[in-house]
Amino acid sequence: MTHSTTTPHSARPDITVGSLNRIDKTRSRRSKFLRRFAAHKLAFTGGSILVIVTLVAIFGPMLTPSPFDVAGANRLQPPSLEHPFGTDNYGRDVLARVAEGARVSLFVGAFTAVCTAVLGCAVGLYAAYNRVADMILMRISDGLMAFPAILLAIAIMAALGQQTSNVIIALTIVFTPYVARIVRSSALVVREQTFVEALKAQGASRTRIIWINIAPNVVSPLIVQATFVFADSIITEAALSFLGAGVPPPAPSWGNMLLDGKNLIYTAWWMTVFPGVFIMSTILAINLLGDGLRDLLDPTYRSKTSGRKRKARKAARAAARQTAAHQSTASRPTTREGESS
Amino acid sequence: MTTTHAENHDDAGSPDVLRVRDLRTSFATEDGLVTAVDGVSFHVARGEILGIVGESGCGKSVTAESVMRLLDEDTTDYDGSVTFDGTTELLELTEDQMRPYRGSRLGMIFQDPMSSLNPVYTIGNQLIEAIRTHTRLTKQQAADKALQMLQITGIPEPELRLRQYPHQLSGGQRQRVVIAMAMCCEPDLLIADEPTTALDVTTQAQILRLIDDLRCNYDTGTMFITHDLGVVAEICDRVIVMYLGQVIEDTDVHTLFDEPAHPYTRGLLASTPSLETDNSKDLPIIPGAVPTLTQVPDGCRFAARCPFAIDECTRATPELRPHQRPGSHTAAGDHLVRCIRAEEIPDLLSTGDEQEDTDD
Amino acid sequence: MTETTPASAEPPQSTEPLLTARGLTKEFVSRSPLGFRKGAVTAVKDLNLEIYPRQTYALVGESGSGKSTTGRLLQGLLTPTSGEIRLAGQVLDARSKESRPLRRDIQMIFQDPHSSLNPRRRVRHILEEALRIVGQRDRSIIRARVKDSLEAVGFSQEHAERFPHEFSGGQRQRIGIARALMVEPKVLICDEPVSALDVSIQAQVLNLLRQLQRERGLTYLFISHDMSVVRYLADRIGVMYQGELVEENTSEGLYTAPQHPYTQKLLASVPIQHPRQRQQRDRLPENADQV
């Protein structure tokens, strides 16, 4: 069947007009995400602070004296050129200990976040797809979530013994239920989509449906949640160390540095202020980053245009409307009574 | 009378309940400014049903939402004029001034009757609430009015329905409740956005008849938005066909079906199967798909899919102009079309068919 | 493929039916949290069907009439409460492993083109998966089949590298069809395949389905609520009402002489084709939607 081009008939549906230049779009998707990230001020600020802290953790210990060098003569020196953050009651350099503490804190936080994400994802997905497993796993996680996080972590540390690796294990047990819940609820939504039914109709196995097809769809909420776990586990680790149940001394962590400085807070403020500032800014940075990622990964969230342009247009419109309102005060809504008479 | 707009003088005393002139609605998105409605003009007279037809992405719903000013004002720009009842410029009202219009003089029916009712309140509560928002009736009077409205919509056992929750009603019954709610303040203009799309065929026929009856009884002007040409044939008096944010054809319903002028309208009519369609042949199709608003082509927006397109079509955007064919029974100026070749197409079609015959 | 005349012209009795259902019944039982039976809804009641090869059998009815459930039962997505389904004479049992290869011959096309493709996977992977599921490991066979399926629905291979969101609704529906074609099925169950599409795209997909039937000798079970589409496409039509098949006839016969009152009402409700038909239209009885 041949058709002349002047008839509206065509044997086969054509490819959409303009769909061909969409291929470039896919390629630039990553750079587009980076651009959007840079445009999201809060996320960008958080990300930058986190990068700085990470750089301090990586390079700080190389540039500072050993954080373990005890020097009796240098005890409790206030901040100076030689010791920018001062020295502690053993004469150790506080800057060096803060930098070394950053290593410990970030390592514990990041490792916990990764472990929690993997475990939480597995538990959440499995629960979403198996009714019996769902009952059991979700009741266990309810039980775990019923304890205050810090109390549960202390109990686990007491059982396992005071070791950095055990801190990670304890924090993973504490935070996995939160991640699992998020993953489960996202997976329940994805499971109802038609493509899952289509896979069943093709005869796909449960493993294939869950791990190859549903899993990639829960990655966005998982990343966001893992970011928050990152922040939470740094804070909880600091709290554990402050209570003496976390990273064992003499290894510095921001938490046990606070503990060391607690009794000397009036004589040597620098021993508590510097690690405190680092904890605060790191947590703030990670939370900003997490909020930003949640916005950026949410398909329904779209930063419209830059705020300034938008405000300018809005102001112009408001002004125009105001003049219009002045001119048309006579044309107020006519009341129904007035109309019927 | 204000003198803000020159047209207002002409409109004084005109029966048009709504006059939209050169409406332009644009959104700021990441990909830049997107103009979803681009220079749309139309008018709705009292007691008239104006059909707005088009496919998804043609801007028909945005047009309705612009009239009601329902879009997020932070990201939306309106331009042009929307004159209600000959005097009021809706686009220039503040949000507070706009509110008394919505739900009282401007009624709206949405596509999904379930999500336009609140699931936690009874039908009666919601109707009474809607009535009392805009009138000074007492609770008892409002309840009587609610019952009366339900009776008008032909819902069975209206007293029972008042005490029921939305989920206890069928889809058709819910849509009747939504219509009762839209009509309870006797609006001058009713905007129906795909009101029957979510319903079964049998229910659709009844809801259409209800809307038709209401416009007769209340003399309401109706904007009826749909993608279904069968529905247009059933109920509309005049029709505007939209494509990618623009009106491409504007005429009365008989002319639209008898002598569609724009190639897109022709294509739509031809590609919709009917009970009489010859099923030994393939359906005539419109090739391709509607481009996205971020990729609006230059010149005629339909040219890339149009079998009659020539070079000139892509050079400049065609105007919406009066269409006149010899022997046509419509008065000049009543049939508008946005196509430079509209008059030639019938001749092209007949010769095209001959060519095709000789090809085979 | 010279035979292009609609199959309704030839008597269907000339061949054996390809897909049959006998006494098909499906009850959905709702249970309390402790597993006690709370109530049951019969979605499909004692349904008998015969679908002949290379024909299009359409099931029509309103939402809740059980037509989609019937489609899912025939495909094996749902297990019938009772009744028997046979494909080319062999019994299909949704639960047994032996009928798995048989089920492969029945593929499905879904209504919603937006959620029926996994948004996180490329078209190539979506298509390849259909073959991997059935144990095909040979890369060259898989690649050839992807090319063939894509071309059958009017795409080229470069489209395989894209994600579903880069396509419009009609294009996605065609990818859904390509996915169903990957395993070279005999029967396609089309569940409202065009009702979510724009008018101008509907015709493209309908033509494509007809063309595939001609070229590949496919048999369709076409589930729809749109009487005009069904009239255009189907050879035989079954009308479902409240879980039962109330009338079945050839497309021609059903439209010219509808027997069951529900069929008559359904046909009377079809929107008219031209405003001048408004006067002749049979008006429906008051409050007829109370069912």
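Guide: Chain A has an average pLDDT of 77, and 78% of its residues score at least 70; pLDDT is the predictor's confidence in each residue, on a scale from 0 to 100. This is a predicted model, in which local features need a pLDDT of at least 70 and side-chain atom pairs count only at pLDDT 80 or more, while totals for chains, interfaces and linings use all residues. Residues are numbered from 1 along each chain as its sequence is written, chains are lettered from A and ligands numbered from 1 in the order in which they are written, and side-chain values use heavy atoms, with hydrogens and water left out.

Within chain A, confidence is highest in helix α7 (residues 164–191), at a mean of 91, and lowest in helix α14 (residues 336–340), at 38. Helices here are DSSP runs of H or I with at least four residues, strands are runs of E with at least two, and both are numbered from the N terminus. Over residues 1–27 of chain A the pLDDT stays under 50, and the model gives this stretch 59 contacts beyond four places in sequence, a contact being heavy atoms within 4.5 Å. Residues 327–341 of chain A also have a pLDDT below 50, with 20 contacts beyond near neighbours in sequence.

Now consider where chain A meets chain C. In this interface, 29 residues of chain A are in contact with 39 residues of chain C. About 3,000 Å² is buried between the two chains, and carbon and sulfur atoms give 48% of that area; buried area is the accessible area (1.4 Å probe) that two parts lose on being put together, summed over both.

A salt bridge joins the side chains of A:R208 and C:E129, at 3.0 Å from N to O. Polar contacts between chain A and chain C number 10 residue pairs, with both residues at pLDDT 80 or more. Such a contact is a pair of N or O atoms within 3.5 Å; within protein, one must be able to donate a hydrogen and the other to accept it, and residues adjacent in sequence count only if both atoms are side-chain atoms.

On the side of chain A that touches chain C, α1 (22–27), α8 (194–202) and α9 (206–214) of chain A each supply at least two residues. Of the elements, α8(A) gives the most, with 8 residues. This side of chain A comprises 12 nonpolar, 10 polar and 7 charged residues, where Ala, Val, Leu, Ile, Met, Phe, Trp, Tyr, Cys and Pro count as nonpolar, Asp, Glu, Lys and Arg as charged, and the others, Gly among them, as polar.

One further detail of chain A concerns its rings. Over all chains, the count is 11 aromatic pairs. Rings of Phe, Tyr and Trp (its six-membered ring) pair if their centres lie within 6.5 Å, with planes under 30 degrees apart counted as stacked, over 60 as edge-to-face and the rest as tilted. A:W254 and A:F278 form a tilted pair, 5.8 Å centre to centre with 55° between the planes. The pair links distant parts of the chain, 24 residues apart: A:W254 belongs to helix α11 (residues 254–262) and A:F278 to helix α12 (residues 270–297) of chain A.

Key: A salt bridge is a side-chain nitrogen of Lys or Arg within 4 Å of a carboxyl oxygen of Asp or Glu.
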